[in-house]
Amino acid sequence: MHIAVIGTGIAGLTASWLLNRSGHEVTLFEKQSTLGMASHGMQIAIDEVSLPCDVPSRMFNPLLWPNLSKVYDIAGVESTSVNPSKSFCPFRPQNESRSKAWLKLNDSFQLSLLPQLLLQSSSRKIVKDISKMMATAGSELERIRSSDSNSVEGFKAYLERYDYSNEFIYQFLYPALASTVCTCSYESLDQYPTDILLSAMQLLTGSTPLQRTVNGTQHTADLLSAGVSRINFNTTVANVSSTNDKAMLEIENQGSNSTHDFDHVIVATQANSALAFLDPKMRIEKEILAGFKYEDVSVVIHSDPHWMPARKQDWATFNFLSRHDNQAAMCSIWLNQFYPEWETPTPLFQTIMPLESPRPETLLATAKLQRPTVSANTKIDIDRLRNLHEQPDRRVWFCGSYASPGIPLLESGVVSALRLGKQLGFKIPNACEI
Ligand SMILES: Cc1cc2nc3c(=O)[nH]c(=O)nc-3n(C[C@H](O)[C@H](O)[C@H](O)COP(=O)(O)OP(=O)(O)OC[C@H]3O[C@@H](n4cnc5c(N)ncnc54)[C@H](O)[C@@H]3O)c2cc1C
């Protein structure tokens, strides 16, 4: 079969990797000039060296990302542990002095607190509520999953019902979830289905460390696409339509348009991008995809230490800063600790969802990304998409991190591609659990 894959994020790359292993002919289309998964990566020129930096710096572990980890193993992607230390402090704008950390965790969530911080009543409340959430997460998940009720409780309602303290929610939990794990606004976090976040917390807080790839995202994307001979960069898909026996793509490359036929087309773009090119006749597909909502996420690379705790000994790999009004937070990743092999003396940072701009002279790059948000309706839309895939004579298929239940992570992109592959009869690695 000759199959087209649109989009080269993790979902499109996993789909084409599977297709290739199954002996199918595959043609990839990507509107950007590089593989989409690595398209925001950059070289940082500093202290007379040039350092390769992934943007965003993505992480995973075999618990929350079991299928990604297996695909990476088979494809030969090497990984290494990330120093998991975290600091939490109030956000102070540039015209104020830097703030003191109210909490620092050195190893995952094993609560190695700075002793003096335990003297603060807010820190004591945070520690008490972390323990409470960890102790009850398992039984709460069982209760939610075995419940007959169809209604999904949003995370904020759950936290209020169980009387979690504001200190725990706004000085610890929301900053960590909103500015890294889910990268979304607090309003969206309020609506997140509780079971998804409790389950993620359980899998992220054990002793299994977070990993990053050793050789960076570009290398990972190259390994996943290694067997694909036809990759069309700078090629925007302008229209997708189908009949009972073929799928048609209209593409635009350097100002000229052309049409191509395939046995199948796998749409592995973001759901909101697909809306722009699906033929108007694909009314139901468009209606389902319109249900998936996205938020803008910006990431800045800079050398401004203002967004770090006042005392250098409190600096951690992940430094969370919460806005005074409890409405937003940001995270500064201390890149020199994230990439210990970097030997540059200048401290470098990657700040996710910055609450203000870094000083201009410290700004190295800005990236604009988007991430799907998740609410009670998301599972309904995912089920509708799955039902659509059951239709006979289907030629156009959808995968992406938005299309699997849970937090939209690399894992969900991989799972959605594996599920699709299984449905289309491709060879799925035995080790994968879908
Ligand atoms: C700041 C941030 C940090 C994150 N950190 C992590 C992390 O640590 N761990 C983790 O697992 N996940 C993380 N994620 C989430 C993860 O990056 C995404 O879930 C994942 O990359 C989505 O992959 P995808 O293949 O579904 O979509 P995408 O990566 O969005 O790929 C879609 C591709 O389609 C292409 N495209 C779109 N329209 C067209 C068109 N018309 N024609 C041709 N091509 C087109 C796009 O250019 C793009 O390359 C993070 C996300 C953000 C924003």
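Two residues are in contact here if their C-beta atoms, placed from the backbone, lie within 7 Å.

Before going on, a word about what we are looking at. This is a predicted model, in which local features need pLDDT of at least 70 and side-chain atom pairs count only at pLDDT 80 or more, while totals for chains, interfaces and linings use all residues. Residues are numbered from 1 along each chain as its sequence is written.

Is Val396 buried or exposed? A residue is called buried if 20 or more other C-beta atoms lie within 10 Å of its own, exposed if 12 or fewer, and partly exposed in between, with C-beta atoms placed from the backbone. Val396 counts as buried because it has 24 C-beta neighbours inside 10 Å. Beyond four places in sequence, the contacts of Val396 are Val240, Ser242, Ala247, Val265 and Val267. By contrast, the C-alpha atoms of Val396 and Lys100, 296 residues apart along the chain, are separated by 54 Å.

That brings me to the core. A nonpolar core is a set of buried Ala, Val, Leu, Ile, Met, Phe, Trp, Tyr and Cys residues joined through C-beta atoms within 7 Å. The largest one holds 117 residues, of which Val5, Ala15, Val240, Val265, Ile266, Val267 and Cys399 touch the most other members. Helix α5, residues 166-181, provides the largest share of this core, with eight residues. At least three residues of this core come from each of domain 1 (2-35 + 225-293 + 374-423) and domain 2 (45-213 + 294-372), where the domain bounds come from an automatic or database domain assignment. As general background, nonpolar side chains tend to be buried together in soluble globular proteins.

Now the two domains themselves. The centres of domain 1 and domain 2, taken over C-alpha atoms, are separated by 30 Å. Their contact takes 20 residues from domain 1 and 20 residues from domain 2. On the side of domain 1 that touches domain 2, α1 and α13 each supply at least two residues, and α13 gives the most, with five residues. The residues on that side of domain 1 divide into 12 nonpolar, six polar and two charged; here Ala, Val, Leu, Ile, Met, Phe, Trp, Tyr, Cys and Pro count as nonpolar, Asp, Glu, Lys and Arg as charged, and the others, Gly among them, as polar.

How do α1 and α13 pack? Helix α1 (residues 10-21) and helix α13 (residues 410-423) pack at an angle of about 35°, with their axes 8 Å apart; the axes are lines fitted to C-alpha atoms, for helices over the stretch in contact, and angles run from 0 to 180 degrees between N-to-C directions. Their crossing is right-handed, meaning that the near helix is turned clockwise from the far one by less than a right angle. On the α1 side the residues are Ile10, Ala11, Thr14, Ala15 and Leu18, and these meet residues of α13 including Leu410, Gly413, Val414 and Ala417. The residues of this contact divide into nine nonpolar, four polar and no charged.

Next, some backbone details. Val55 and Pro56 are joined by a cis peptide bond, with omega about -5°, and Pro56 is found in the loop between β4 (49-53) and α2 (66-75). Asp163, in the loop between α4 (155-161) and α5, has a phi near 60°, a positive value in a residue other than glycine. Asp163 is exposed, because 8 other C-beta atoms lie within 10 Å. Asn234 likewise has a positive phi, of about 50°, although it is not a glycine. Asn234 is found in the loop between β9 (230-232) and β10 (235-242), and counts as partly exposed because it has 13 C-beta neighbours inside 10 Å.

I will finish with Pro372, which is found in strand β18, residues 363-372. Pro372 counts as buried, with 22 C-beta neighbours inside 10 Å. Beyond four places in sequence, Pro372 is in contact with Phe292, Lys293, Tyr294, Ser401, Tyr402 and Pro408. Pro372 and Gln270 are 102 residues apart in sequence and 8.6 Å apart in space, C-alpha to C-alpha.

Notes:
Helix = DSSP H or I, 4+ residues; strand = E, 2+ residues; numbered from the N terminus.
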